[in-house]
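Open the model in your viewer and keep the selection tool at hand. Each stop below names what to select and what is there.

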Amino acid sequence: MFTHICEICGEEFQSQSNRAKYCVYCRDKAQVLRNKAYREKKLAGLSVTVGSEQICPICSKPYTVTSGSQKCCKDCQKKQNSKRKINSNRQYTKENYDSILFYVPKGERETLKEYAKSRNMSVNKLIQTALEEYKGNHN
Ligand SMILES: [Zn+2]
Ligand SMILES: [Zn+2]
């Protein structure tokens, strides 16, 4: 056993480790403080001051920071978000669907669209439903 002086409360305590810094009562507290310091440091390193003026890395226009995680101006942020959404939608469609191009008589396209709309479906859904029904009726 080694005898140490606790760095937090100054009490003498004993530990099996020769490098212990805190008594058992303060050890938990020390961990909490360390976590807090780490979190604050990390936050300060990563984020920019809210309310400060920054230059957008995308469009190089100055903007005012409104949140700690903001990395570009509002316009670019919006654009990036919607781009990401479209891309992930496209990706999903590409991975899960095949497309078929088909022709309808002149003027029929609008009729088809209107019909699908009146049924609360997309044209795609209408065709698929029709196909399923056809398959069901022509076995
Ligand atoms: Zn202590
Ligand atoms: Zn921008």
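This is a predicted model: local features need pLDDT of at least 70, side-chain atom pairs count only at pLDDT 80 or more; totals for chains, interfaces and linings use all residues.

Helices (H or I, at least four residues) and strands (E, at least two) are DSSP runs, numbered from the N terminus.

Residues are numbered from 1 along each chain as its sequence is written, while chains are lettered from A and ligands numbered from 1 in the order in which they are written.

**The whole trace**

Stay zoomed out. Along its principal axes, the C-alpha trace spans about 95 × 50 × 25 Å. Of the 139 residues, 2% count as buried. Buried means 20 or more other C-beta atoms within 10 Å of a residue's own; exposed means 12 or fewer, and partly exposed lies in between, with C-beta atoms placed from the backbone.

**The domains**

Colour three ranges: domain 1 (1–46), domain 2 (48–92) and domain 3 (100–139). These bounds come from an automatic or database domain assignment. Between the centres of domain 2 and domain 3, taken over C-alpha atoms, lie 40 Å.

**The hairpin**

Select strand β1 (residues 2–5) and strand β2 (residues 12–15). They run antiparallel, joined by four bridges. Strands pair if DSSP finds at least two bridges between them. Click Thr 3: Gln 14 in β2 stands opposite. Six residues sit between the strands of this hairpin, where Gly 10 takes a positive phi near 80°.

**Helix α2**

Next, select residues 74–96, which form helix α2. How far apart are its end C-alpha atoms? They are 33 Å apart, which agrees with the 33 Å that its 23 residues should span at 1.5 Å a residue. The expected span is 1.5 Å times one less than the number of residues. α2 is hardly covered: its count of buried residues is zero.

**Asn 124**

Finish in helix α4 (residues 123–137), where Asn 124 is found. Is Asn 124 buried or exposed? Asn 124 is exposed, with 11 other C-beta atoms within 10 Å.
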